Amino acid sequence: MPRLQEKPLLGKIFILGKIKCETGLHIGGSKEKMDIGGIDAPVMRDPLTREPYIPGSSLKGKLRSLFERMENKQFNRSGGGDVWRHECTDSQCYVCRLFGSTGSNADENLPSRLSVRDCLLEEESREKLKKIDTGLQYTEWKFENSLDRVTAAANPRQLERIPAGAKFEFEIVYNVEASNGEAKKDLSNLLELISLLQDDYLGGHGSRGYGKVGFTIDKFMARKLEFYRATSEEDKKSNSSILENKTIDECKQNVDEILSMFDIL
Ligand SMILES: [Zn+2]
């Protein structure tokens with residue numbers, strides 16, 4: 001018997017654009033793999049190119065945690081250490097149906113409708129960052145003094161960060177499933193979360209002002225399954241729709257238009 005939550009796929013919605021670091025960004029990499037001496041907290045880097053990037057999982061995790069707080073969800077699952085998160089098997093839970101959850105058995109799993117790709121440096125930023133001379137590749141470092149809450153001893157640390165002004169390309173993909181009006185609500189929620197994130201922070205040390213980011217949306221587009229079956233440009237065109245260079249608010253206003261081709265509203 002098929003699993004309950006598996007619904008036919010109708011197509012995909014894409015939100016593509018740029019994330020600009022308005023302040024220094026620190027998304028921590030693993031210190032074990034570090035090859036630069038002296039930095040206590042290095043940033044995440046692509047192992048092949050050594051360029052810093054924003055892991056899709058970090059962006060997705062941040063959007064999810066904002067959503068959990070927005071919806072006032074109970075943090076019922078341990079994510080390791082002090083981190084707690086919300087996960088449930090209610091197919092009407094906005095958070096879990098968009099971001100997925102694992103149940104106690106496979107029948108209860110809600111597969112995530114969202115995929116968030118790793119965000120790589122955009123070309124212009126890459127060229128600019130190549131030229132800065134900080135002793136680190138593409139990044140800068142900053143001393144941060146933190147106080148040990150128990151002993152009150154100062155604990156100066158060197159944090160590596162991606163400089164303000166750097167831009168990354170992002171790509172968020174949403175699966176449109178045959179399931180009445182959920183897509184409209186899901187996409188509206190997603191766009192709201194992107195807006196909210198701009199007034200929150202990405203990565204670590206947000207309370208020190210790190211991680212303020214701005215989003216620009218280059219493309220908001222839809223592709224029906226027929227798009228992928230099409231063999232001519234004409235057929236592809238008639239099975240897709242695209243809005244370009246819209247603000248987040250304009251995208252919110254046009255969710256109906258983007259979804260209209262799916263006949264599910
Ligand atoms: Zn839930």
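Here are some worked exercises on the structure above, which is a predicted model.

**Exercise 1: the zinc site**

Work out which atoms coordinate the zinc ion and what geometry they give.

*Solution.* 
- Step 1: Start with the donors. The zinc ion is held by NE2 of H86 and by the SG atoms of C88, C93 and C96, at 2.1 to 2.3 Å.
- Step 2: Check the angles. Among the 4 donor atoms they run from 103 to 113°. Four donors count as tetrahedral if all angles lie between 85 and 135 degrees, so the site of the zinc ion is tetrahedral.
- Step 3: Buried means under 20% relative accessible area. C88 comes in at 18%, so C88 is buried, and C96, at 0%, is buried too.

**Exercise 2: helix lengths**

Compare the end-to-end span of helices α1 and α4 with what you'd expect at 1.5 Å a residue.

*Solution.* 
- Step 1: Take α1, residues 56-70. Its 15 residues should span 21 Å.
- Step 2: Now compare with the model. The end C-alpha atoms of α1 are 21 Å apart, which agrees.
- Step 3: Ask what is buried. In α1 the list includes L59, L63, L66 and F67. In α4 the buried residues include L187, L190, L191, I194 and L197.
- Step 4: An α-helix has 3.6 residues a turn, so residues three or four places apart point the same way.

**Exercise 3: aromatic pairs**

Classify the ring pairs W141–F143 and F170–F215 from their distances and angles.

*Solution.* 
- Step 1: Count the pairs. The structure holds 4 aromatic pairs.
- Step 2: For W141 and F143, the ring centres are 5.6 Å apart and the planes meet at 85°, so this pair is edge-to-face. W141 is partly exposed, at 40% relative accessibility.
- Step 3: For F170 and F215, the centres are 5.2 Å apart and the planes are at 75°, so that makes an edge-to-face pair.
- Step 4: F170 lies in strand β8 (residues 167-177) and F215 in strand β9 (residues 213-224), so the pair ties together parts 45 residues apart in sequence. Both F170 and F215 are buried.

**Exercise 4: arginines and their partners**

*Solution.* 
- Step 1: The charged end of R161 sits over the ring of Y210, 4.9 Å from the ring centre.
- Step 2: R223 does this with F14: its charged end sits over that ring, 5.3 Å from the centre.
- Step 3: R126, in helix α3 (residues 123-131), has a side chain in polar contact with that of E51, at 2.8 Å. At 18% relative accessibility, R126 counts as buried.

**Exercise 5: positive phi**

Where do N72 and N245 sit, and what are their phi values?

*Solution.* 
- Step 1: N72 follows α1 and is placed in the loop between α1 and β2. Its phi is near 55°, a positive value in a residue other than glycine.
- Step 2: N245 lies in strand β10 (residues 240-246). Its phi is positive, about 50°, although N245 is not a glycine.
- Step 3: Check accessibility. N72, at 68%, counts as exposed, and N245, at 62%, counts as exposed.

Notes: Residues are numbered from 1 along each chain as its sequence is written. This is a predicted model: local features need pLDDT of at least 70, side-chain atom pairs count only at pLDDT 80 or more; totals for chains, interfaces and linings use all residues. Side-chain values use heavy atoms; hydrogens and water are left out. Donors are N, O and S atoms within 2.8 Å of the metal (3.2 Å for Na, K and Ca); water is not among the atoms, so sites may look incomplete. Four donors count as tetrahedral if all angles lie between 85 and 135 degrees; four count as square planar and six as octahedral if opposite donors are over 155 degrees apart and all others between 65 and 115; anything else is irregular. Buried means under 20% relative accessible area, exposed over 50%, partly exposed in between (1.4 Å probe, protein chains only). Helices (H or I, at least four residues) and strands (E, at least two) are DSSP runs, numbered from the N terminus. The expected span of a helix is 1.5 Å times one less than its number of residues. Rings of Phe, Tyr and Trp (its six-membered ring) pair if their centres lie within 6.5 Å; planes under 30 degrees apart count as stacked, over 60 as edge-to-face and the rest as tilted. A charge sits over a ring if NZ of Lys or CZ of Arg is within 6 Å of the ring centre and within 35 degrees of the ring normal. A polar contact is a pair of N or O atoms within 3.5 Å; within protein, one must be able to donate a hydrogen and the other to accept it, and residues adjacent in sequence count only if both atoms are side-chain atoms.
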